Amino acid sequence: MSLIPILIMVLILFVITILLALAEHLLVNYGECEISINKEKILNVIGGGYLMEYFTRNKIFIPSACGGKATCGHCKIKILSGGGSILPTEEVYINKHEKEAGIRLSCQVKVKNDLEIYIQEHLLETKMYKTKVESISPLTHDIKQIILKLIEPETISMKPGQYIQIAIPGTEEFRAYSVASAISQKDKVELDIRLVPGGLCSTYIHRVLEVGDKATITGPFGDFYLNEASDKNIICIAGGCGMAPIRSILFYLTERNMPRKVMYFFGARSKKDLFYTEELKELERKYSNFIYIPALSEPKASDKWDGEVGLITNVLEKYITNQNHFEVNITATYEESVTNVESYLCGPPPMIDAAIAVLNKKGINNEDIYFDKF
Amino acid sequence: MKLQILSIFIATIFTHNIALTYLLGMCPFISLSRSLKTAWGMGLSVIFVVTLTGALNWIIYHWILVPTQSELISYIVFIIVIAASVQLLEMILEKFLPGLQVSFGIFLPLITVNCVVLAVSLFMVIRDYNFIQTVVFAFGSAVGWTLAITIVAAIKEKLSLSGDVPKGLQGAGITMVIAGIVALTFLGFAGMVAIQ
């Protein structure tokens, strides 16, 4: 085959690249712009890029999963002035109230002039961490426990229930996972990750990641965490990997000798989907204040399951017997009356919605219900 | 010669409308025909890009690819030229017409993958047009596409005011129905002029 067509193509590419670079230099030039964050911090940048890029460059980590394609809608921030009008790409993720408040997706706002923006204080404290995989072990047939040792910075401080984001190598994308370890253990984070068929990050973690590999995480993020100041009793409801943040909350409470009554409902399909069962049973033996109620929706005959059967919402309904005083009937011989309850829910959205409906029916108000859907 | 050029121009708009008879460029046709204003703006940029790339691709094809017998790579070269022109258009719009840029959003890069643009370059090769014929053909095709999308957008805008589109037909469904009816009315022009 003759080489001429290839040469011609290279030549054409070369010329076009030079032309485009020249045009960009002449046409797209916004000069120096000033981004003022919360009226405290000022970034002086060369305009032309997207706000998100400047955040990353200046080590401000806003939650984001899609790598700036406007497909996740996580990177919301408030623009006080200079952002221009909202783009059609953003409309999908921003409702009417947010629109009026000036909320935008930071991956879509192009910096063309001086900007004044507001970022929630706690987001300014998030950092990027270099980590090393310390161990990978299977928890169930499709969930793996990953322990990451922090290298740089060496410690992370977070609230029990919060999440971190892990970078997927070779892409610009991130995925969020709740931290399952105790927050007092500041140099390590444990993630419980389920293999999602076709999932980009979970496939990478299940099939590619090995002990000793490097991983980059950002965090902590999320407003789902234990209300540490409260002394209300706690009902936790989780399904699947929703175990992770609840486990972190339980660590926090056991380190303080379980000062509040805790009931933990965990929903799974069959016995092979249960994990940390022994650990939780051990907690139950140790603290009279703690009760663990796993429920299987489709137990197999081989499971020899003698625990609760049914959807977690049905089990919840069964255990909470008196809606005025919120009495919980744990067993026939053990009756626990709990008033003053707050509830922490983590799991798939349909489960959370159904569980919230049950809790509302039983008299728990929405302000006492904290949840994390994934 | 002049008559032939005129007949190409009229044919590309009415009898051989690229959207309504070849069903090309349907992606932006459906997504951008919600309002007359965006449809018109998109149409204008299609006219600009198609005419520009048609002319550029003719020059590159006949002056570079044919003499070096590299017609083999014409598809790739056409696509590269189209992509670069769209980028250029984006920069020009952003600099001089930021309002238009905002109303296009992500739709502007769609011109890159708008089949009208590539189809015009390929048709000009198949039909062996000379430079002037190509420019007229490209310009006419884009005008025809713009005419089709603005007609459909105007009908949809009117329809959205009455608001009695059945639920199952809302969005792309009703657009296809409207496009079909408009295509049928364009059949009335058949026989007026013909191009090869």
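Predicted model: local features only at pLDDT ≥ 70, side-chain atom pairs only at ≥ 80, totals over all residues.
## The parallel sheet

In chain A, 6 strands are arranged as an open sheet in which the pairing is parallel, and reading across this sheet gives the order S15-S14-S13-S12-S19-S20. The edges are formed by strand S15 (308-309) and strand S20 (369-373) of chain A, each of which pairs on one side only.

Within this sheet, strand S13, covering residues 262-268 of chain A, is joined to strand S14, covering residues 290-296 of chain A, by 7 bridges in the parallel sense. One place to look along this pair is Tyr264(A), which stands opposite Tyr292(A) in S14(A). Helix H8 of chain A, made of residues 277-286, packs on the sheet and touches both S13 and S14 of chain A; the direction of helix H8 makes about 145° with that of S14(A).

## The antiparallel sheet

Chain A also holds an open sheet of 6 strands with antiparallel pairing, whose order is S9-S8-S11-S6-S7-S10. Strand S9 (174-178) and strand S10 (188-194) of chain A each have a single partner strand, so one side of each is left without a neighbour in the sheet, and these two strands stand at the edges. When direction is ignored, neighbouring strands of this sheet are turned against each other by 40° on average.

Further into the order, strand S8 (residues 163-167) and strand S11 (residues 214-221) of chain A run antiparallel and are joined by 3 bridges. Along this pair, Ile166(A) stands opposite Ile217(A), which belongs to S11(A).

## The contact between the chains

The contact between the two chains takes 17 residues from chain A and 19 residues from chain B. On the side of chain A that touches chain B, helix H1 (4-27) and helix H3 (88-91) of chain A each supply at least two residues, and H1(A) gives the most, with 11 residues. Sorted by type, the residues on this side of chain A divide into 13 nonpolar, 3 polar and 1 charged.

Ile4(A) lies in helix H1 of chain A, and leaving aside its neighbours within four places in sequence, Ile4(A) is in contact with Thr68(B) and Ser70(B).

Methods
Residues numbered from 1 in each chain as written. Chains lettered and ligands numbered in written order. Pairing = 2+ DSSP bridges. Helix = DSSP H or I, 4+ residues; strand = E, 2+ residues; numbered from the N terminus. Contact = placed C-beta atoms within 7 Å. Axes fitted to C-alpha atoms, helices over the stretch in contact; angles between N-to-C directions. Nonpolar A, V, L, I, M, F, W, Y, C, P; charged D, E, K, R; others polar.
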